[in-house]
Amino acid sequence: MSNSSPFKSSGAPRTIALEAAAVTREFPVKGKKLPFTAVDTVSLRLYEGESLALVGESGSGKTTLSRMMLGLLAPTRGDVQVFGRDISTYSRLELARIVQPVFQDPYASLNPRKRLHDVISMPLRASSSPSRDEIRSRVEELLRHVDLPLSFAERFPHELSGGQRQRVAIARALINRPKILVCDEPTSALDVSVQSQILDLLKSLRAEFGLSYLIVTHNIGVVSELSDRVAVMYHGKIVEEGSVDSVLSDPSNDYTRQLLSAVLPIDPDQARAAIEAAISTL
Ligand SMILES: Nc1ncnc2c1ncn2[C@@H]1O[C@H](COP(=O)(O)OP(=O)(O)OP(=O)(O)O)[C@@H](O)[C@H]1O
Ligand SMILES: [Mg+2]
């Protein structure tokens, strides 16, 4: 995909949906004077309508950064802007209508005691006072969008497979028609055979709803199939950022090269073939 320019094809600048401006997050360390810096002066933009993959080894700061971009964690320094306005000036409900999370583990993220009708409609009920009919029709609309039978509205989370639960989590994230999804490893708790189905679902929902995605991932399929740009994190910093094609085929940073070579051969033609082979077996 070539959706990586900061300008629209008309030449007009693209709208910035979500932006981290020199964001740092420190955590205190027991018994030590100096805190640990999990995210170090990171600046990152997500343009409206684009899909940006955030990759990097375990502990590099991806979840910490994405939680700050969701307003779930305050930066120690720097700020996060949502459509040009400081995230801390939005009320919780205002923010919930613009940006929603999808977490890695659909087993932990759904209330086990609630029927799916209530699970999916929770953000809608929290943000307005919809009628019963309105709730029912919105839940059914979302079940259709995520390809689940309407009868699932009466089920409990434990009656679903992992992939079905992740579909429910995505339906819940979309019920308030947000503009941005921040997904933290949305496929990695799932069986390999199910990962590609969730990948396909995210792909079609992006087109249907005109969504922007910030996706933390270790899945090369998510990067190559679902993303326009990729940002690479290392020790709390963004060390490389560019279009998926340029970063995958010609990584400029040694760490990126190593990271990719863990899953891909380095030669670009081989890499392309490996990506396609990997996707076809997902
Ligand atoms: N609440 C916290 N208190 C102290 N340290 C933390 C806290 N949250 C994260 N960290 C530390 O910050 C660093 C970055 O963690 P983070 O969860 O952002 O990494 P990650 O890139 O998402 O890793 P993974 O790929 O394993 O999910 C780690 O060293 C982690 O131990
Ligand atoms: Mg993480």
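**View 1. Helix H1 supplies the largest share of the shell around ligand 1, three residues.** The structure shown is a predicted model. Helix H1 spans residues 62–69, and strand S2 spans 36–47; each of these two elements contributes at least two residues to the shell around ligand 1. The shell holds 13 residues, and those that come nearest to the ligand are Ser58, Gly59, Lys62, Thr63 and Thr64. By residue class, the shell around ligand 1 consists of seven polar, three charged and three nonpolar residues.

View 2. Ligand 1 taken alone exposes 640 Å², of which the protein buries 59%.

**View 3. Helix H3 packs with helix H5 at an angle of about 35°.** Two packed helices are described by the angle between their axes and by the distance between those axes. Here H3 covers residues 116–127 and H5 covers residues 162–174, with the axes 6 Å apart.

**View 4. Side of the contact belonging to each helix, H3 and H5.** From H3, the contact is made by Leu116, Val119, Ile120 and Pro123. From H5, the residues in the contact are Val168, Ala171 and Arg172. Six residues of this contact are nonpolar and one is charged, with no polar residue among them.

Key
Residues are numbered from 1 along each chain as its sequence is written. Chains are lettered from A and ligands numbered from 1 in the order in which they are written. This is a predicted model: local features need pLDDT of at least 70, side-chain atom pairs count only at pLDDT 80 or more; totals for chains, interfaces and linings use all residues. Side-chain values use heavy atoms; hydrogens and water are left out. A residue is near a molecule or strand if one of its heavy atoms lies within 4 Å of it. Accessible areas come from the Shrake-Rupley method with a 1.4 Å probe; for residues, only the protein chains shown count as cover. Helices (H or I, at least four residues) and strands (E, at least two) are DSSP runs, numbered from the N terminus. Ala, Val, Leu, Ile, Met, Phe, Trp, Tyr, Cys and Pro count as nonpolar, Asp, Glu, Lys and Arg as charged, and the others, Gly among them, as polar. Axes are lines fitted to C-alpha atoms, for helices over the stretch in contact, and angles run from 0 to 180 degrees between N-to-C directions. Contact means heavy atoms within 4.5 Å.
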